[in-house]
Amino acid sequence: MDETGPAGPLPYEGVWRFTAPAVDESVPRARHAVRDLLVRQGVPVSDDVAQGLLLIVSELVTNAVRHAAVLSPVLAVEVAVGPEWVRVSVEDNHPYRPTALETDHGRTGGRGLLLVREITREAGGACDVAHTAGGGKVIWVALPLEHALR
């Protein structure tokens with residue numbers, strides 16, 4: 001028996017996807033669903049990375065609710081966990097591909113994607129926006145797990 005190769009997926013690995021209506025109540029529900037999933041699956045994510053990930057979920061779902069609900073009454077949240085990373089994505093059917101706006105100190109909003117990019121950068125992760133086959137978009141963030149940072 002070769003013990004140098006992978007023995008199969010780790011217990012916490014997998015992909016989970018759920019949909020939610022594009023309404024304000026979906027923001028805390030999505031955050032709690034992701035938090036509960038991380039705990040239930042025993043994902044080895046540090047407290048800092050977990051808190052950052054939950055803030056990212058809140059920001060991305062909020063953006064989908066505020067900016068895409070007219071064309072996308074339902075949004076999808078996906079959590080994928082691999083051996084060294086956790087990836088969360090939010091998908092909607094609106095074709096507009098957002099960009100991180102420059103900080104405008106006179107505005108009280110519009111900084112969500114800047115915050116997402118900064119949290120991602122500080123954690124050593126990656127993020128991007130992609131078009132979907134159906135003409136919408138998916139915004140994803142991948143962050144390293146605790147043991148991957150050692």
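Modeller: Two strands pair if DSSP finds at least two bridges between them. Strands are DSSP runs of E, at least two residues, and helices are runs of H or I, at least four, all numbered from the N terminus.

Biologist: What is the bridge partner of Asp-92 in β5?

Modeller: Lys-137. This is a predicted model, where local features need pLDDT of at least 70, side-chain atom pairs count only at pLDDT 80 or more, and totals for chains, interfaces and linings use all residues. Residues are numbered from 1 along each chain as its sequence is written, and side-chain values use heavy atoms, without hydrogens and water.

Biologist: Why are β3 and β5 called paired?

Modeller: Pairing needs at least two bridges. Strand β3 (residues 85-92) and strand β5 (residues 137-144) have 8, in the antiparallel sense. Therefore they count as paired.

Biologist: What makes β1 and β4 edge strands?

Modeller: The open sheet runs β1-β2-β3-β5-β4, with antiparallel pairing. β1 (14-21) and β4 (126-131) each pair on one side only. From one strand to the next, the twist averages 15 degrees.

Biologist: Which strands does helix α2 touch?

Modeller: Helix α2 (residues 47-68) packs on the sheet and touches β2, β3 and β5. Contact means heavy atoms within 4.5 Å. The direction of α2 makes about 10 degrees with that of β3. Axes are lines fitted to C-alpha atoms, for helices over the stretch in contact; angles run from 0 to 180 degrees between N-to-C directions.

Biologist: How confident is the predictor in the chain?

Modeller: pLDDT is its confidence in each residue, from 0 to 100. The protein chain has a mean of 87, and 85% of its residues reach 70 or more. Over residues 101-105 the pLDDT is below 50. Where pLDDT is low, the predicted coordinates should not be read in detail.
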